[in-house]
Amino acid sequence: MNPRNIDQKAAENLAIKILAIVGLIALLALIAWGGTYAIRKAPDAFSSISNTIQAAAVTLTSIFVPAEEVQEETPVDTESEEEDTETEENDVPSEGTGSGSVTRTPGTETSSTFPINENSTVVSDPNGRADLAPRLLAVGVVDEDGNFTEKDEVDQSDRIAVRFAVENLGTKTSETWRFTAVLPTHTIHFFDSPTQQALRPGDRIEYTLGFDGVKDNEKVTFTVNVDPSKSVPEVTKNNNILKVEINVKTD
């Protein structure tokens, strides 16, 4: 074989190897650049997802409403009234004298503390039982200041709120208790309330529970379960659950 042909063949193989190495280096550089670009864009992608799917934020306000009290009248002594007629004619009546009835001052409602009205005329039957029952008051929205507005239909972007009451329909003062609310958010959220005060017969607490991140359905269901652990002795447990359908406007 001609030595010149051998040298030419070796040179061609060397050139092919050099081109292969250069191509590999270029490919690795391209991959590295693409990875850096993807990393720079990743926060924007995650931000977009988080703006679409938000975790639910829950607000809860409540107000205690005591049972209605019975108005009592003081009996009038007619004999004494006749004997004092002449004296009363010469006297100047003072301000604030009553007509024989005892005036009771309504209790103050508050959203921070909920004291039981110890002067209530409602009597707890020691042989009776409590009966805690939730009922719907209204559905609507709350603004940034916590003001509630009732609505038949809410927007998906609203902070939706449900107003409901839990009342003791029984004849005995209840024990302390809790409730659980199931919120119709993107990922279903269970809101467990703190311990609630004991309620005398006829007493109730009114709640406004607000939340956002609602599902993008035309109808969603809000559920309240009073005493889910069934720790409070009651007449019945059949009225402890309240389900509310909420109409949601979707784009």
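**A colleague's note on the predicted model**

1. Ala161 belongs to strand β5; strands (E, at least two residues) and helices (H or I, at least four) are DSSP runs numbered from the N terminus. Beyond residues up to four places away in sequence, Ala161 touches Ala138, Val139, Gly140, Val141, Val142, Phe148, Thr208, Leu209 and Gly210, where contact means heavy atoms within 4.5 Å. The C-alpha atoms of Ala161 and Phe211 are separated by 6.4 Å, although the two residues are 50 apart along the chain.

2. A word on the ground rules: this is a predicted model, in which local features need pLDDT of at least 70 and side-chain atom pairs count only at pLDDT 80 or more, while totals for chains, interfaces and linings use all residues. Residues are numbered from 1 along each chain as its sequence is written, and side-chain values use heavy atoms, with hydrogens and water left out.

3. Please keep an eye on confidence. The protein chain averages a pLDDT of 73, and 56% of the residues score at least 70; pLDDT is the predictor's confidence in each residue, from 0 to 100. Over residues 35-56 the pLDDT is below 50, and this stretch has seven contacts in the model beyond near neighbours in sequence. Residues 85-119 also stay under 50, with 37 contacts beyond four places in sequence. Where pLDDT is low, the predicted coordinates should not be read in detail.

4. Now to strand β8 (residues 204-211). Seven of its eight residues are buried, so β8 is largely enclosed by the rest of the structure. Strand β1 (residues 58-65) runs antiparallel to β8 and is joined to it by eight bridges; two strands pair if DSSP finds at least two bridges between them. Strand β5 (residues 160-168) is likewise antiparallel to β8, with eight bridges. Phe211 of β8 stands opposite Val58 and is the bridge partner of Ile160.

5. There is also an open sheet of five strands, in the order β4-β10-β9-β6-β7 and with mixed pairing. Strands β4 (153-155) and β7 (189-192) are at the edges with a single partner strand each, so one side of each has no neighbour in the sheet. On average, neighbouring strands here are turned by 30 degrees against each other, direction ignored (axes are lines fitted to C-alpha atoms, for helices over the stretch in contact, and angles run from 0 to 180 degrees between N-to-C directions).

6. β9 and β10 are antiparallel over seven bridges, with Thr223 opposite Lys243. β6 (residues 179-183) and β9 (residues 219-226) are antiparallel over four bridges, and Ala181 has Val224 as its bridge partner. β4 and β10 pair in the parallel sense over three bridges, and Glu153 stands opposite Asn247.

7. On aromatics, a search of the whole structure finds six pairs; rings of Phe, Tyr and Trp (its six-membered ring) pair if their centres lie within 6.5 Å, with planes under 30 degrees apart counted as stacked, over 60 as edge-to-face and the rest as tilted. Phe164 and Phe222 form a tilted pair, 6.2 Å centre to centre and 50 degrees between the planes. Phe164 lies in β5 and Phe222 in β9, so the pair ties together parts 58 residues apart in sequence.

8. Asp227 and Lys230 both lie in the loop between β9 and β10. Asp227 has a positive phi of about 55 degrees although it is not a glycine, and Lys230 has a positive phi of about 55 degrees too. Asp227 counts as buried at 2% relative accessibility, whereas Lys230 is exposed at 58%.

Key:
Buried < 20%, exposed > 50% of the residue type's maximum accessible area, 1.4 Å probe, protein only.
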